[in-house]
Amino acid sequence: MAEPLGDWKRTHTCGALRPADLDASVVLLGWIHRVRDFGGVLFLDLRDRAGISQVVVRDDGALMAIAKRLRPEFVVGIAGVVERRTEETINPKLATGEVEVLARSIRLLNEAKTPPFPISGDSLVSEDVRLKYRYLDLRRPRLQQNLGLRHRVAFAVRQYFNDNGFWEIETPILTKSTPEGARDYLVPSRVHRGEFYALPQSPQIFKQILMIGGMDRYFQITRCFRDEDLRADRQPEFTQIDVEISFASMDLVFGLIEPLLVRIFKEIDRDVVTPFRRMPYAEAIARYGSDKPDLRCGLEIQDVSDAFRASQFRVFTKILTEGGVIRGIVVPGGNQYTRSQIDVLGDVAKEMGFAGLIWARPGEPPISSVKALTEGELRKAFELAGAGADDLLLIAGGPAEATSTLLGQLRLHIAKKEELLQSDNFQFLWVTDFPLLEWSSDDQRWFSMHHPFTAPLDEDIAKLDTDPGAVRAKAYDLVLNGSEIGGGSIRIHDAALQARMFRLLGISDEEAKLRFGFFLEALEYGTPPHGGIALGLDRVVALLSGESSIREVIAFPKTAAAVDIMADAPSSVDLKQLRELHIRIVE
């Protein structure tokens with residue numbers, strides 16, 4: 001039977017005791033982590049989020065009887081005296097490992113059923129089981145460390161922005177549906193029949209209105225909601241560090257965000273070198289096959305087209321005469337690969353969608369998988385690609401962007417296979433000069449690559465009517481180790497240009513007024529130039545903690561199917577609630 005806590009007050013956390021506390025009378029409160037019974041002496045490991053303390057029970061009477069009833073995950077209070085451990089029992093793996101508590105009194109505050117998986121250690125447990133019993137999973141040291149790091153990062157963010165003149169301002173959670181991109185989560189209104197609020201995909205319009213309202217520098221650590229198609233490492237609700245600045249330029253934004261990342265990385269005692277590298281979108285695609293390139297492994301894509309312009313290999317000459325490219329990747333040390341290893345790479349390439357992957361080895365003479373390629377062509381290709389005698393050159397051809405995209409996937413496969421992607425090697429990159437628009441052949445219209453409030457580069461505005469696909473945006477993404485951790489832009493602050501942008505996207509003036517009328521009107525009342533960025537807090541903390549999934553740094557995540565297994569959500573609701581909301585379920 002559980003005892004009351006009574007007048008007991010915790011004097012120390014379970015991770016706080018040190019040799020300086022010797023002979024002190026202490027009260028510890030927490031969970032039994034482990035029990036070791038040696039007959040006349042019983043050892044208890046007591047755990048809370050701060051750590052573990054060893055408790056020893058030597059009493060042969062009532063105290064030992066209470067101690068022998070204890071099991072892992074029982075909640076207890078222990079009063080006792082701090083003693084030094086004997087030399088041979090010191091545990092260097094614990095911060096408290098030089099001392100122990102000699103128990104004088106034990107209060108059993110609550111019992112516990114046997115958990116469905118061990119809390120101690122980091123044993124393999126299926127994710128569905130962990131999420132169903134998330135309240136137990138949260139007790140595991142790994143998850144507690146991750147959430148503790150998340151707290152410290154959020155606290156550091158608030159301190160940094162406060163020191164730099166920003167105000168934290170809350171924006172609405174119940175707002176207007178303005179679908180342009182991901183689908184909104186809709187919230188029916190009981191009072192306004194047949195009308196709906198939407199949960200915000202981001203505070204985008206409101207933070208721009210704050211700039212119109214003279215708030216100058218805004219930030220918010222905010223929840224956002226997107227009803228996206230199911231993806232392995234996406235969450236329907238997520239947290240972003242949202243920032244907006246009046247009279248902003250890209251350099252100003254970069255100059256504020258880079259020191260923020262320096263401050264954040266101090267939470268794991270890592271120094272970040274600034275300024276971060278910058279790369280235009282077109283260069284990122286050409287050299288890495290991705291707009292979020294991972295710079296840790298090298299393996300840059302090289303253009304070797306010039307080696308084959310007069311080639312007798314008709315596949316290559318046809319590609320080049322049709323405006324395509326021949327590009328390749330140098331695999332360092334790959335000349336040592338066996339034919340079977342190269343054949344495996346070829347099979348991987350086919351699965352990725354390559355029409356064909358050609359390999360070439362330096363040597364005397366050089367050889368390749370295509371006999372029609374001459375010795376001179378191969379030597380020229382090795383020279384253009386920067387391949388050495390010990391390397392292997394992998395070559396593919398086709399349309400420029402598609403070829404680089406496929407080679408980009410292959411380069412990451414090779415990097416993982418060769419263990420070139422070290423989790424503690426942090427490589428930041430700003431990707432800039434994105435296309436403003438992308439064409440949808442399905443919808444036969446232009447879409448914003450970022451969002452419709454992104455400003456075009458000044459020198460490209462004239463192309464909006466004549467060559468929209470060539471217009472570049474004042475948009476930028478912050479990339480870390482192949483993950484986009486933030487994205488932003490300088491915004492359109494001119495009402496006429498914003499209306500022009502909507503028309504280019506196929507949104508009529510009437511529809512724009514219906515969906516964005518309040519914002520368009522606000523732009524007409526003296527809007528300063530402004531811009532900002534949003535950083536994904538979940539992704540940043542996952543990278544800091546070395547986790548591959550953002551679910552490991554979120555207290556109560558959903559599954560990849562957007563389900564909360566613990567709370568059984570989403571779920572059906574009472575018909576009375578539906579009637580109050582004027583909703584009927586159609587089978």
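The model is predicted: local features need pLDDT of at least 70, side-chain atom pairs count only at pLDDT 80 or more, and totals for chains, interfaces and linings use all residues. Residues are numbered from 1 along each chain as its sequence is written, and side-chain values use heavy atoms, with hydrogens and water left out.

**Overall make-up**

- The chain has 16 helices and 22 strands, where helices (H or I, at least four residues) and strands (E, at least two) are DSSP runs numbered from the N terminus.
- Taken along the principal axes, the box filled by the C-alpha atoms of the chain is roughly 95 × 75 × 55 Å.
- Of the 587 residues, 47% count as buried; buried means under 20% relative accessible area, exposed over 50%, and partly exposed in between, with a 1.4 Å probe and protein chains only.
- Among contacts (heavy atoms within 4.5 Å) between residues at least 6 apart in sequence, 67% join residues at least 24 apart.

**Aromatic pairs and cluster**

- The whole structure holds 20 aromatic pairs; rings of Phe, Tyr and Trp (its six-membered ring) pair if their centres lie within 6.5 Å, and planes under 30 degrees apart count as stacked, over 60 as edge-to-face and the rest as tilted.
- The ring centres of Y133 and Y135 are 6.2 Å apart with planes at 80°, so this pair is edge-to-face.
- Y133 is partly exposed at 25% relative accessibility, and Y135 is partly exposed at 46%.
- F313 and F316 have ring centres 4.9 Å apart and planes at 70°, so they too are edge-to-face; both F313 and F316 are buried.
- One aromatic cluster is formed by Y160, F161, F166 and F219.

**Charges over rings**

- R361 lies over the face of W359, at 5.6 Å from the ring centre; the criterion is NZ of Lys or CZ of Arg within 6 Å of the ring centre and within 35 degrees of the ring normal.
- R445 lies over the face of F447, at 3.7 Å from the ring centre.

**Helices α7 and α11**

- The axes of α7 (residues 281–288) and α11 (residues 400–417) come within 7 Å and cross at roughly 60°; axes are lines fitted to C-alpha atoms, for helices over the stretch in contact, and angles run from 0 to 180 degrees between N-to-C directions.
- This makes α7 oblique to α11, given that angles under 35 degrees count as roughly parallel, over 145 as roughly antiparallel, 65 to 115 as roughly perpendicular and the rest as oblique.
- Y281, I285, A286 and Y288 in α7 meet E401, S404, G408 and R411 in α11.
- The residues of this contact divide into 4 nonpolar, 2 polar and 2 charged; Ala, Val, Leu, Ile, Met, Phe, Trp, Tyr, Cys and Pro count as nonpolar, Asp, Glu, Lys and Arg as charged, and the others, Gly among them, as polar.
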